[in-house]
Amino acid sequence: MIKKEFEITAYKCTKCGRIHYPYHDRCLTCKNRQFDIMKPQGDCRLITFTKIYNLPWGFDQRYLIIGVVEFENKIRALGQIAVDETYDLKLGMTLRPYWEPVRVQYGENVYGLVLRPLDKQPLQ
Amino acid sequence: MRDVAVIGVGMIPFGRRDEDSLMDMLAMASLKALDDAGLGDKEKAVDAVYVGNMGAGILQHQTALASSLVDRLSLLPAAAETVENGPASGGSAVKNGILAVASGYYDYVLVVGGEKMREVTGWRATDFVATMTHPLAEYIYGVTLPGLAGMFTRLYMEKYGVTPEMLVEVAIKNQSMGALNPYAHVEMAISREGIYESWHSIVNNPPVADPLRLYDACPVSDGAAAIVLCPLELAKKHQKTPILIAGFGQATDTQTLQERDDPTDLKAVTLAAQKAFEMAKMKPSDIHVAELHDAFTILEIAESEHVGFFKKGEGGKAVLQGKTRLGGQIPINVSGGLKARGHPVGATGVAQIVEIVFQLRHELPKERQVRNAQNGLTVNFGGFGNNVLVFILRRVEQ
């Protein structure tokens, strides 16, 4: 598999420090327009999750587990969680982030955030 | 600003309506509302038409619905606009109609909301609704609205102690009322045993986005609803009891759930309700009947707290205590709500107002009528709480 760099870019307000992801033209808190670019760092804490059974067009699988996480540098993002069952998940647990294909559109892989528990890492 | 009243309402039964096109449904609901207002045979019935719709461009490959509808109904040369605002399209169309009359620019305005969602497969309909999510931060991952609701429910349960029993009770209450509503998509009462307690419930009520199960979610529906608005001073010469738009409010929140400081806080609901109560010079205890946007059972509980009927963490308990049933402290979704009436997304905000007008005119059969209701409230919830409209209506004695 070709390893890709994380394409998540977050934006930290230069005035009040609020972190934004996705992009906003003005800070959600102080309306400033200047931001420092940030990249996600380290592992993530699981904020919430669900297992979706009725998937949208474009997903040819039985279910999908997704969740919202917070990285060590406080960036929050939504991603797919690569576990078979939600029994393996608990709010607040640590997940490790990967940048991998999350769907196929027009015959091409679309890459995104994929998360795994620390004891369920992919084979190298 | 002039006071604005509803003088006519019309709705067609929601459900799977294979025989009707979207335009058929919009026209049928509109004619019923115009007839109800006593305007159906007038040469110049209305000055303007607002159509609430979310997905005709995607689902029917049809745009400019309002222009088509005024032609079909022979309302030319009335002004006509289509309003798209996700699942709050109906509420937004109503708000635009109210502003047009309140400003004095138009006297008579028809507002109609409609959607035809059963024309496509569930796979396509789910994808269509998910197009309102953020394209890069949410949509590409396959997140759906039930998915967002599932994540919200998990957090709400954790923070406020909402239990599966509370969610089940909302579903049972709303479907029991929907069984009495001839406009409802799902006219079927359900039991606690059938969807929760017995081993059959695993089959009857499978998970859709855990912890939410099938009976926690509204159906995908076809349908349309319409109202006619005019200034209160003109309303008094029409035959039906005028229902005043006493107050309304709209507010927005971040598009993604993860960017909210507290993802369980539905700020847009709170702010829209505060604006509506302030304009109406009322408080939550003045409301006698409410239609809340229960696309998922958790939303009825959360919205009942965010508009101020109950304190945070008390909404679920209130459901178990029967406080939100007909005859309770504040009857909620006596129509069956989105849960049973159905959720043709563009129609919902208008249908909620039609239901409250039925209630405030005291026109419903005894088993569904809130006794002597004078004031009603609706919440139309767009996106996942990122665009919300609240309306407060009041009966005006002739």
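Predicted model: local features only at pLDDT ≥ 70, side-chain atom pairs only at ≥ 80, totals over all residues.
How many of the residues of helix α12 of chain B are buried? The count is 10 of the 10 in residues 297–306, so the helix is largely enclosed by the rest of the structure. The list of buried residues in α12(B) takes in B:Thr297, B:Ile298, B:Leu299, B:Glu300 and B:Ile301, and it carries on through B:Ala302, B:Glu303, B:Ser304, B:Glu305 and B:His306. After the helix comes B:Gly308, with a positive phi near 105 degrees.

B:Ile332 sits in the loop between α13 and α14 of chain B. Setting aside neighbours within four places in sequence, B:Ile332 is in contact with B:Glu300 and B:Ser304, and also with B:Ala290, B:Leu292 and B:Thr324. Is B:Ile332 buried or exposed? It has 32 C-beta neighbours inside 10 Å, and a residue needs 20 or more to be called buried, so B:Ile332 counts as buried.

Now step back to see chain B as a whole. Chain B has 15 helices and 11 strands. Its radius of gyration is 20 Å, close to the 21 Å that the globule rule gives for 398 residues, so chain B is as compact as a globular protein of that length. Along the principal axes, its C-alpha trace spans about 60 × 45 × 40 Å. Of the 398 residues of chain B, 62% count as buried. If you look at contacts in chain B with a separation of 6 or more, 77% of them are between residues 24 or more positions apart.

The next stop is a sheet in chain B. Strands of a sheet pair through backbone hydrogen bonds, either parallel or antiparallel.

On one side, β8(B) pairs with strand β1 (residues 4–11) of chain B in the antiparallel sense over 2 bridges, and B:Val6 stands opposite B:Ile243 in β8(B). β8(B) also runs antiparallel to strand β11 (residues 387–395) of chain B, joined to it by 9 bridges. You can trace this pairing through B:Gly249, whose bridge partner in β11(B) is B:Val390, and through B:Thr252, which stands opposite B:Asn387.

Chain A is built from strands. It has 0 helices and 8 strands, and its C-alpha atoms fill a box of roughly 45 × 35 × 30 Å along the principal axes. Buried residues make up 33% of the 124 residues in chain A. Of the contacts in chain A between residues at least 6 apart in sequence, 47% join residues at least 24 apart.

Chain A contains an open sheet of 3 strands, ordered β2-β1-β3 with antiparallel pairing. β2 (19–20) and β3 (35–38) of chain A are its edge strands; each has a single partner strand, so one side of each is left without a neighbour in the sheet. Strand β1 (residues 10–13) of chain A is antiparallel to β3(A), with 4 bridges joining them. In that pairing, A:Lys12 has A:Asp36 of β3(A) as its bridge partner.

Finally, where do the two chains come together? Here 29 residues of chain A are in contact with 31 residues of chain B. On the chain A side, the elements that give two or more residues are β4 (44–52), β5 (64–71), β6 (76–81), β7 (94–105) and β8 (108–117). By class, that side has 18 nonpolar, 8 polar and 3 charged residues.

How values were computed:
Residues numbered from 1 in each chain as written. Chains lettered and ligands numbered in written order. Buried ≥ 20, exposed ≤ 12 C-beta atoms within 10 Å, placed from the backbone. Pairing = 2+ DSSP bridges. Contact = placed C-beta atoms within 7 Å. Nonpolar A, V, L, I, M, F, W, Y, C, P; charged D, E, K, R; others polar. Rg over C-alpha atoms; globule rule 2.2 N^0.38 Å.
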